[in-house]
Amino acid sequence: FNPYRALVKSPDSQPAANHVSKSRPELVRDYGKHLWLDPGEKDVQNHSFNVVLDVVKRYDVDGVHFDDYFYPYREKGMDFPDAASWKKSGTGGKLSRGDWRRENVNTFVERVHKSIRQTKPWVKFGISPFGIWRPGYPRQIQGLDAYEDLYGDARIWLINGWVDYLAPQLYWRIEPPQQSFPVLLKWWGEQNKLGRHLWAGINTAGTAKGGTSWPPEEILNQITITRRQTGVSGHVHWNMHSLLQNQSLVENLSKGLYAEPALIPATPWLDSTPPPKPDLNAVANGSGSVKAAWNAASGETVWLWLLQSCKGEKWSDKILPGDIRSHVFSGNAPDAIALSAVDRLGNASLPATLAIRN
C-alpha cells in the first residue's frame, strides 16, 4: 500500500465516480503529479486504516507492506498544502509543523501494526522506507532527509517494534562514501535493538537494461555483505522484473548464493512455538529410487515442509507446500533424510530423521 497516494494524474485514466477524490474531495490535495490524501485529517487516517484492515480480514494475505511514500517527495518551491488541517489540529505551540506531520504518520503506523496483530497475529507488517534516515547518520552520509522531507521516522518504527520487518531502500553502490551501501546497512543494523527483521532493499534495477549499468558483481557483493552484517536477516530485490532480465546475475545467483532454497526467518515476537515433529517413513524400491511419505502430528496446520537429504557428506534442501505428503527421490537415492514441519510464522519443528537402506 501507499496509504496516502490517491491518484496518479493522467488524461488516459479518469477516476471512477466513487473514487475518494469524488466522494470526499475535502480530504484530497492536488500536489505535483498526483492527488494525495492529507495525513493530517483524521478521516484520512480512518479511511486508509479501514482499507488495510478490510484486506487483512477478507483475504488470506501473508503480510501488509507500505512503500516509502508517506508525505510526498517535495516538489520544488512548493510545500504540501495542509495548512487547513494543521490549523484545525490545534497543535500550534505544542508541536512544530514538522513534528506534527511525523506524529500523524507515527500514529497511523502504530495503529495499523497493533490492529493487524489483534486481527490476524500471523500477518506480518513491514515498510520499505527511503534508505537514508537523516544526512549525517552515519557522519559521512549525504542525501535526502526522509525525516524532514517525507516526515517518515523509520528509526522510531524499528526501535518501538511497530514493524515486523523493515526493508530500507539502500539503492546505492558499495564504494561511494556519501551513500555507501555497507555503511548505511551497518547503521540500520545498529538501530535494530529489538531484533526485528531487517532486510536490505537492493537496487537490482541498476543492473538492468536502461538502468545504471551496474555489473552483476555489485549485487552479489551486496548480498554477501548482508549475510555478514549483525542485525540483518536478509535482503529484498527491487525489482523482480529487473532480476529476471539479467541472465548473468540469475546464473551467478543460482550457482552460488542461491544454490539452496532458504526459509524466511521466524518471527518469534509473534509466535515462538514450533509445530510437533512429523511422522516420517521411506521405502526404497531397489532401483535407486526412494519414496518418502509423512503425516503431520496433531497440532497446528503445517505451512511448509523442509525436506533435507544427505548423500555422502553433502546435504540438500527442498521446501514443499504444507499440503504435500510425499516425495520421490529418483535415481541416486540419499543415504539419509530429515523432515521438519514449518508453521506460518517460520517456526520449524524438530526434524524426523531416517537412514535409508538401499
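Which residue is the bridge partner of Leu307 in S13? It is Lys318. As you look at this pair, keep in mind that the model is predicted.

## The largest pocket

Let's move on to the pockets. The largest one holds about 1,200 Å³ of space, and 40 residues line it. To find its centre on your screen, look for Trp199, His235, Val236, Ile264 and Pro265, the lining residues that lie nearest to that point.

Several elements each bring at least two residues to this lining: strands S4 (63-66), S8 (197-202) and S9 (234-237), along with helix H8 (216-228). S9 gives the most, with four residues. By class, the lining of the largest pocket has 21 nonpolar, 11 polar and eight charged residues.

## The second largest pocket

The second largest pocket has a volume of about 210 Å³. Its lining is made up of 14 residues, and Val20, Leu37, His47, Ser48 and Val51 are the ones nearest the centre.

Here strand S1 (5-8), helix H1 (20-23) and helix H2 (42-58) each contribute at least two lining residues. H2 supplies the most, with four. Sorted by class, the lining of the second largest pocket comes to seven nonpolar residues, six polar and one charged.

Methods:
Residues numbered from 1 in each chain as written. Predicted model: local features only at pLDDT ≥ 70, side-chain atom pairs only at ≥ 80, totals over all residues. Heavy atoms only, no water. Pairing = 2+ DSSP bridges. 1 Å grid on protein atoms, 1.4 Å probe; cavity = no way out; pocket = protein on both sides within 12 Å on 5 of 7 lines; lining within 4 Å. Points joined across faces, edges and corners; volume = space filled by probe spheres on them. Nonpolar A, V, L, I, M, F, W, Y, C, P; charged D, E, K, R; others polar.
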